Amino acid sequence: MSIKEKIIEFMSSKDYKPMLKEELLTKFEIPIEFKKEFFNVLKDLEKEGIIIKSSNERYGKIDTDYLVVGKLQGHERGFGFVIPEEKENPDVYIAAEAMNGAMHGDKVVANVIKRSQEGKRQEGEIIRILERENQFIVGTFEDNKNFGFLIPDNQKIFHDIFIPKGRINKAKNGQKVVVEVTNWPEPRRNPEGKVIEVLGYPSETGTDVLSIIRQFDLPEEFPGKVKSFAQNIEDSISPDELTDRKDLRDLKIFTIDGADAKDLDDAISIEKLENGNYSLGVHIADVSHYVKENSPLDKEAYKRGNSVYLVDRVIPMLPKELSNGICSLNPNVDRLCLSVIMEIDDNGKVLSHEIVESVINSDKRLVYEDVSDYLEEDDDGAKEKLDGILEELNLMKELMEILRAQREERGSIDFNFPETQIILDKKGKPVDIKKADRRIANRMIKEFMLVTNETVAEQFYWSEIPFLYRIHEDPSEEKIAAFSKFIYNLGYKLKGKEIHPKDLQILTEEIEGKKEELVISTMMLRSLKKAKYSMEQNTHFGLAAKYYSHFTAPIRRYPDLTIHRIIKDFIKGNMNSNKQSTLEKELPDIAEHTSFTERIAEEAEREVEDLKMTEYMSERIGEEYEGIISSLTNFGMFIQLENTIEGLVPFSQMIDDYYQFDEENLQIIGERSKKTYNLGDKVKIEVVGADISRSNIDFQLIG
């Protein structure tokens, strides 16, 4: 038992009375030369929210009956909520006067003052700040001659940051800046900071996206050591590297990617076997061959966790020397891969497979658009470009339809959300926004990656060695009950008491093409848990898959890179007990860290999209559009346009009557006229406002 575990066990005793750290030192008979290490263990336990130090310097275990440890989620009006680490516990409302110097994102301890009662939430006060989140804050600088203030971009940080005159760092009024917090807030006193970087005026090219990059602390540049390490990797393959690899250079292999893509990290081979089954090969760049464990490249890739795809740029997990060079499966050059070759029958069942280290030589680089033009429209121009691969593409289409039918049969949920395509000019200004097409070529690659990820996960589950899975846990009963009530009010219901993916899939088919489709799909997604990485195998609810992993993108996702290493050790017979013990210790941390970096990437990508949509609509004030009511609130209704942009019609703009939200019947009703607005209704709007600093778009109804 570790000293940490001994302390927790000791403090958990009913007879334990809070003790000074010196008393604990004596109690555990710690030699004086290890005093510092012991006190650090106490600090760690306090930081983790397991023990707490009282005002008289005595330590005790946190009493979870009265105290809640969690992250503070702030609100621009000054109040907030503590989101407990123990997910089954309810959130705790914190009034502005009970914040006690805490800021949005801080890890805190809250004392529960009022318990949850029927229709009322828990209330509490912050009594301890365990960990600060916002050392650096991005926002707009306001100059007041003798001092300055930072107005944070993140509205959940409700304090303005005071900046003394000597720490303004030549920032000008209205510029976007990064401020380092030097003094944290106290009751009746704002936090204090210093300007460490001036990003530029909001109107200057690139400042808007750069502000979001800094807000989420995304690393733009690679450290010099990492760059030089990548530059020293050979850009061709030596004969020695081919030892023990399966030679697939004579197999017809090709890539399908976007026209502008440079990192071609997956390739396909397909043929019909004599027995009528399909042989599908999915060949993934062997990134782990070049990114060795604990190398500068590996440490930086782990830190980043994944690539981030913003509207105007990519922040890659690995330098372009790898992603666009030796790990890009360019045509007519030898490349090292990890290949999964599967035999699949006409019911979509994988009968057998092998995973091998391989060398390939891609025949052709295909483009999604050409492949779709050929398979959807039999386009002559596309046929000419795809000459020599047409037979394989027809087989791919056949197999895709089989795999998709098999997925649907078991209950996999396909959300029909429109994806947004934002087109920028050379200065980063949005010139067009429209729905992105979900065409057949993209769907084919998706199906082949899904079946590969499942096949890999199932093999390593039964191999009984530590592995990294992509899991999507079953939704909570409370969330599904609330969703059932919501759809019941719209005339739909779920079958059965226990929820199964198939039930939700049937519902998505039922609502397809109906006016309620968007809003029900949105609420359904919100009712489900987020997918994450885990060393513990669990089902993937959304895909209705018993086993699932992320194997197919090691150039842009660290979990994929991790399991490539595990697979290669297993193939080579290097998976000994010591290696397994190391993995059992490391994988939970990798899973937690990469699940976190993935969420950060998603938030940053969404922020940039919202910003560019607002910027686009800011030049269309007064223009009229048709849209559908996508959400109702007690302050107005949100309208989604055909191009996927969403804006708010506040009640204050609906001047023909006094409108209220009828939550029970999910409609907005005019008090005098009894006029109603329902989810999914088509309406016509005029754009009346677009606040770029807050990414808010305002509409008003017309007609």
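Start with three strands: they make an open, antiparallel sheet, ordered 29-30-31. Strands here are DSSP runs of E with at least two residues, helices are runs of H or I with at least four, both numbered from the N terminus, and two strands pair if DSSP finds at least two bridges between them. Select 659-662 for strand 29 and 676-678 for strand 31: these are the edges, each with a single partner strand, so one side of each has no neighbour in the sheet. From one strand to the next, the twist averages 20°.

This is a predicted model, where local features need pLDDT of at least 70 and side-chain atom pairs count only at pLDDT 80 or more, while totals for chains, interfaces and linings use all residues. Residues are numbered from 1 along each chain as its sequence is written, and side-chain values use heavy atoms, leaving out hydrogens and water.

Look for I669, opposite T676 of strand 31.

Next, select helix 6 (296-304) and helix 16 (577-618), whose axes come within 8 Å and cross at roughly 60°. Axes are lines fitted to C-alpha atoms, for helices over the stretch in contact, with angles from 0 to 180 degrees between N-to-C directions. Which residues make the contact? Show Y302, K303 and R304 of helix 6 with D589, I590, H593 and T597 of helix 16; contact means heavy atoms within 4.5 Å.

Finally, pick M535, in the loop between strand 25 (532-534) and helix 15 (558-571). Beyond its neighbours within four places in sequence, M535 has contacts including F467, Y469, L587 and A591.
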